[in-house]
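Subject: Structure for you to look at

Dear colleague,

I am handing over the structure we talked about, and my notes on it follow below. Please read them with the model open beside you.

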Amino acid sequence: MTVESTAARKPRRSSKRTSAAKTPAKTPESSGPQLVQLLTPEGERVEHPDFEIDLSADELRGLYRDMVLTRRFDAEATALQRQGELGLWASLLGQEAAQIGSGRALRDDDYVFPTYREHGVAWCRGVDPTNLLGMFRGVNHGGWDPNTNNFHLYTIVIGSQTLHATGYAMGVAKDGADSAVIAYFGDGASSQGDVAEAFTFSAVYNAPVVFFCQNNQWAISEPTEKQTRVPLYQRAQGFGFPGVRVDGNDVLACLAVTRSALERARRGEGPTLVEAFTYRMGAHTTSDDPTKYRADEERVAWEAKDPILRLRTYMEKQDLADAAYFTALDEESEALGKRVREAVRAMPDPDRLAIFDHVYADGSPLVDEERAQFAAYQASFAEEGN
Amino acid sequence: MAAEKMSLAKALNESLRKALETDPKVLIMGEDVGKLGGVFRITDGLQKDFGEDRVIDTPLAESGIVGTAIGLALRGYRPIVEIQFDGFVFPAYDQIVTQLAKMHARALGKIKMPVVIRIPYGGGIGAVEHHSESPEALFAHVAGLKVVSPSNASDAYWMMQQAVQSDDPVIFFEPKRRYWDKGELDTESIPGPLHKAAVAREGSDLTLAAYGPMVKVCLEAAAAAQEEGKSIEVLDLRSMSPIDFDTVQTSVEKTGRLVVVHEAPVFYGSGAEIAARITERCFYHLEAPVLRVGGYHAPYPPARLEDEYLPGLDRVLDAVDRSLAY
Ligand SMILES: Cc1ncc(C[n+]2csc(CCOP(=O)(O)OP(=O)(O)O)c2C)c(N)n1
């Protein structure tokens, strides 16, 4: 390498500079005035000057039910993975409030672009939870028609979907419709070029899109400090649109903040970045081992902020639900778990020839030829009698 | 160190350790390569021993990883970057193809790009979408890149050493489903050059040429064919760019038959290149057309279908029979 000599002549002069650069700025604490909160971890209702919400007892019970059932579904999927029924599972444990709060803020005509972890949002959209399991079982790459529930397919390549959401929103605006679009992504994804480009396009074209970042503190083994030196919600400012940080374990605040951002989009005022400050309580996926990089105390501290417990405390204090409600919900949870378990076990493997289905909308002689060869080859085993 | 048995993954880990020890300019960069040691643990323990300055957890941004590796190389470093999975290299593809590959030529040879890009690749581990792809042809098609893939622990160790020492960018494809396979590793034996193909098994009736994950399948096929009295030679190409056509030619001149096997789609794949060149070089020695066994012109299928998609023993033996029938 020819530049070696240059590097040798000029060693890094100041060791001070190196060590200064090594200490990343910690992102601010998960409290304080910049964090929108309407329900404290202790289950107390608090007010926020910019975001208010007034929900009926029925609506509150609905949110609670959504979170409980989503958690139950998630737990069942994790168990199914352990039993070898699923190849992989990405759990949403701890992120129920962020997903249900934002998901319940959506109108039917809004469009959702999820990552691979948005099981709670899918629930709000009416996607049958068993449909979410096909790709994790390895029988398909999607498993639902995105246009039935305005819920796009899960995207595994980090950050890609934020651009799709922006383009979709540009189309909504061109059509003169008043729908909004929401794109989900993680704190790690915020580092991807695609996400920066989505911010740029959405700002320039004033696209009606809400960027909903679930900052669950970790991108596999890397903490948020390895992605950013400023709080994520502040990123938006540099692109020319507002950013807000919401307590991601507070379903009321997530609902209020997302609703307000969606309304802004509908009014033609452009994008908003919502950073839901939350925590991934489990492993990144069932293949991950968080004990390699994460201290147990951290999880314990966040357990005290559990999104489901805090709403339950509030409901009990306010007498919004009686024992019969909770018992019935427990039964519904068990029934959901059973339904999911049975559906997964009964899920057939795809037909072998499905490899060649839908490669092209227009069809292709190349694919036809390979399909025929494949079929003949498979048939040759049957002829041999085995 | 005398010969020792270890997994391909461990051999890579040892090799990276040696590279860090030998040259202070060597860096390791990538997502989760630090405390976690990478999702496949190939960099396990390296950050602990060499520090965060040498083994660098990067932001989740592949274009950023490769782009900054280019800058570090310009400054005299020798970055080894990890792309977490094959399907996630594409955000970096622009940097690799338009910048990394061409830099040396654009600078009229005045600058060098000693960057190694490690990519766990290929199927067979039951993963979800984008975790099982074989994009080697997309890189081999680009002038300025070396593209290699070891098939066993010993090659993993030595080829990584050679890749790090190379002044050219090397795309280092690691056959992820062979990570846990154990093999003999002699850290003292002196290996041949990086691009040199190896005769993995001698034979006289037909040549099977493969690389990376498919070498093992071909060796198994050759063993099975032996029972039927067929003598199959197996070549481990090791390098997809350049390709050691001389070794392939020598083998085909002996056997008269060639079947190329890879996981990547056959259409426009490395098998096509080998078939064309060997047909030119060995036209009068060939007893049969060069056949190819590989993936289909379809997206890599969901896990439950990958055994149908990936070439297995039966498909390789079927091609052997077809070739021998000419
Ligand atoms: C382009 C790309 N690079 C790497 C990966 C591998 N990977 C899958 S999830 C993940 C971490 C994502 O973290 P974050 O965006 O914070 O979302 P989270 O999973 O925490 O919800 C990584 C590195 C990927 N899927 N896509």
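How many salt bridges does a search of the whole structure find over all chains? Before the answer, please keep in mind that this is a predicted model. The search, run over the whole structure, gives 47 salt bridges when all chains are taken together.

In chain A, E269(A) is joined to R264(A) by a salt bridge in which the closest N and O atoms are 3.9 Å apart. In chain B, the side chains of E273(B) and R277(B) form a salt bridge with an N to O distance of 2.5 Å.

Turning to the ligand, there are 20 residues around it, and those that come nearest are Y116(A), R117(A), I156(A), G188(A) and E62(B). The site is shared between chains, because the residues that surround the ligand come from chains A and B. By class, the shell around the ligand is made up of 10 nonpolar, six polar and four charged residues.

In chain A, the side chain of D187(A) places an N or O atom 2.9 Å from an oxygen atom of the ligand, while A189(A) has a backbone N or O atom that is 2.9 Å from an oxygen atom of the ligand. From chain B, an N or O atom in the side chain of Q84(B) is 3.5 Å from a nitrogen atom of the ligand. Taken alone, the ligand would expose 590 Å², and the protein buries 95% of that area.

Finally, there are the cavities, of which two reach a volume of 30 Å³ or more. The largest cavity has a volume of about 50 Å³, and its lining consists of F185(A), S190(A), F199(A), C213(A), L232(A), Y233(A), R235(A), L273(A) and E275(A). That lining divides into six nonpolar residues, one polar residue and two charged residues. The second largest cavity holds about 40 Å³ of space, and the residues that line it are M135(A), G138(A), N140(A) and H141(A), together with A127(B), V128(B), E129(B), P302(B) and A303(B). Sorted by class, the lining of the second largest cavity contains five nonpolar, three polar and one charged.

With best regards

Methods. Residues are numbered from 1 along each chain as its sequence is written. Chains are lettered from A and ligands numbered from 1 in the order in which they are written. This is a predicted model: local features need pLDDT of at least 70, side-chain atom pairs count only at pLDDT 80 or more; totals for chains, interfaces and linings use all residues. Side-chain values use heavy atoms; hydrogens and water are left out. A residue is near a molecule or strand if one of its heavy atoms lies within 4 Å of it. A polar contact is a pair of N or O atoms within 3.5 Å; within protein, one must be able to donate a hydrogen and the other to accept it, and residues adjacent in sequence count only if both atoms are side-chain atoms. Accessible areas come from the Shrake-Rupley method with a 1.4 Å probe; for residues, only the protein chains shown count as cover. Ala, Val, Leu, Ile, Met, Phe, Trp, Tyr, Cys and Pro count as nonpolar, Asp, Glu, Lys and Arg as charged, and the others, Gly among them, as polar. On a 1 Å grid over the protein atoms alone, a cavity is a set of points where a 1.4 Å probe fits but cannot get out, and a pocket is an open set with protein on both sides within 12 Å along at least five of seven lines; lining residues have an atom within 4 Å of a point. Grid points are joined across faces, edges and corners, and a volume is the space filled by probe spheres set on the points. A salt bridge is a side-chain nitrogen of Lys or Arg within 4 Å of a carboxyl oxygen of Asp or Glu.
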